[in-house]
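Subject: Structure handover

Hello,

Here is the structure you asked about. Please open it next to this email; my notes follow below it.

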Amino acid sequence: VKIIETVSENAEETLALATLGRLTRGALHEISNPLVALLGSAELALAEAQPGTKLHARLSLTHRTGTEIVEIVRALQAFVRMQAEPPQTLSVGEAAADAVALVSRVLPAHGVELAASGDATVVAAPGELRRRLVELLLSALDDPERGDRVELVVGDGVVTATGAGELRF
Amino acid sequence: LKILVVDDEQVVRDLTVEILRRSGYLPQGVHSARRALELLEREPFDLVLSDVVMPEMTGVELLYELRARRHDLPVVLMTGGSPEPERTSNAVRVGASGLLYKPFSHEELRTAVAHALEGR
């Protein structure tokens, strides 16, 4: 009975994650048009406004803020797009740097420096590799004894994260 | 150079047309892929810039139709992280001249258009 309950709970969790993934993908798509409008209009208006005026300063702020939102959306869009790509030869160091950039932008841990170092190559699905590296990074961030620096260190056939174990490939 | 902008979202369509006009192109906007096909039967264009997700006929379907009729017309697809990324990347493999991810800046739009026109 216990085993059946565990399997059922895992299936439930998988379904919940799939639904969440679908909703996230839809939201990222739907938010893109309003962002084109926001950023595009601000950029056009900025070109017309007199530099040094309050209007110009306000439009600059709107444009800058819009750009920050766009960067978060783009980082997530790239991560989602990658999930559909087939296995290929990849740089693990580059994937680790991408994972660090994504987590820094979307889930910034204040007072904690994130970094990646080293390199190796692997044949893998880009989406799966990045997902596993993000999971490794998040585990490291969840560790109460992690300190103020978390680093993904890429070696030959293994990636280690400060205080969070390793990922073998 | 004449550019046909296809997007069912009026705000995005109008902005894209405005940016391209200010960049020295002669853009024209239409709200659907069907309307684009009708217009292309009557008028020559140098490039089609089309959204992917649209009702009735998608940008990918428009690309397939255009490839069947006009092999030399460059098509740039605009997508906001399409809910069907596999189909969008297949579209690039079968002949889209470029893929422009929304949200895009003016510079990214101009670069995508210039790059596609260079490859004609």
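This is a predicted model: local features need pLDDT of at least 70, side-chain atom pairs count only at pLDDT 80 or more; totals for chains, interfaces and linings use all residues.

The predictor gives an ipTM of 0.81 and a pTM of 0.79 for the complex. For chain B the average pLDDT is 89, and 87% of the residues score at least 70.

The largest pocket

The largest pocket holds about 400 Å³ of space. Its lining consists of 12 residues, and the closest to its centre are Leu17(A), Leu20(A), Gly21(A), Arg22(A) and Val80(A). Two elements of chain A, α1 (2–48) and α2 (54–82), are the ones that give two or more residues to this lining. The largest share, six residues, comes from α1(A). Sorted by class, the lining has six nonpolar, three polar and three charged residues.

Chain B as a whole

Chain B has five helices and five strands. Read from the N terminus, its elements follow the order β-α-β-α-β-α-β-α-β-α. The chain has 120 residues, of which 52% count as buried.

The loop between β5 and α5

Several of the findings fall in this part of chain B. Phe104(B) is in the loop between β5 (98–101) and α5 (106–118), and Pro103(B) is found in the loop between β5 and α5 as well. Is Phe104(B) buried or exposed? Its relative accessible area is 3%, and buried means under 20%, so Phe104(B) is buried. From Phe104(B) to Val53(B) is 51 residues in sequence and 16 Å in space, C-alpha to C-alpha.

The peptide bond that joins Lys102(B) and Pro103(B) is cis, with omega at about 0 degrees. As background, most peptide bonds are trans.

Glu56(B) lies in the loop between β3 (47–51) and α3 (59–69) of chain B. Glu56(B) is not a glycine, yet it has a positive phi of about 70 degrees. Most residues other than glycine have a negative phi. With a relative accessible area of 71%, and exposed meaning over 50%, Glu56(B) therefore counts as exposed.

Gly24(B) sits in the loop between α1 (10–22) and β2 (26–30) of chain B. Gly24(B) is exposed too, because its relative accessible area of 59% is over 50%. Gly24(B) and Asp8(B) are 16 residues apart in sequence, and their C-alpha atoms are 24 Å apart in space.

Rings and charges

How many aromatic pairs are there over all chains? A search of the whole structure finds zero. Within chain B, Lys2(B) lies over the face of Phe45(B), at 4.6 Å from the ring centre.

Regards

Note on methods:
Residues are numbered from 1 along each chain as its sequence is written. Chains are lettered from A and ligands numbered from 1 in the order in which they are written. Side-chain values use heavy atoms; hydrogens and water are left out. pLDDT is the predictor's confidence in each residue, from 0 to 100. On a 1 Å grid over the protein atoms alone, a cavity is a set of points where a 1.4 Å probe fits but cannot get out, and a pocket is an open set with protein on both sides within 12 Å along at least five of seven lines; lining residues have an atom within 4 Å of a point. Grid points are joined across faces, edges and corners, and a volume is the space filled by probe spheres set on the points. Helices (H or I, at least four residues) and strands (E, at least two) are DSSP runs, numbered from the N terminus. Ala, Val, Leu, Ile, Met, Phe, Trp, Tyr, Cys and Pro count as nonpolar, Asp, Glu, Lys and Arg as charged, and the others, Gly among them, as polar. Rings of Phe, Tyr and Trp (its six-membered ring) pair if their centres lie within 6.5 Å; planes under 30 degrees apart count as stacked, over 60 as edge-to-face and the rest as tilted. A charge sits over a ring if NZ of Lys or CZ of Arg is within 6 Å of the ring centre and within 35 degrees of the ring normal. Buried means under 20% relative accessible area, exposed over 50%, partly exposed in between (1.4 Å probe, protein chains only).
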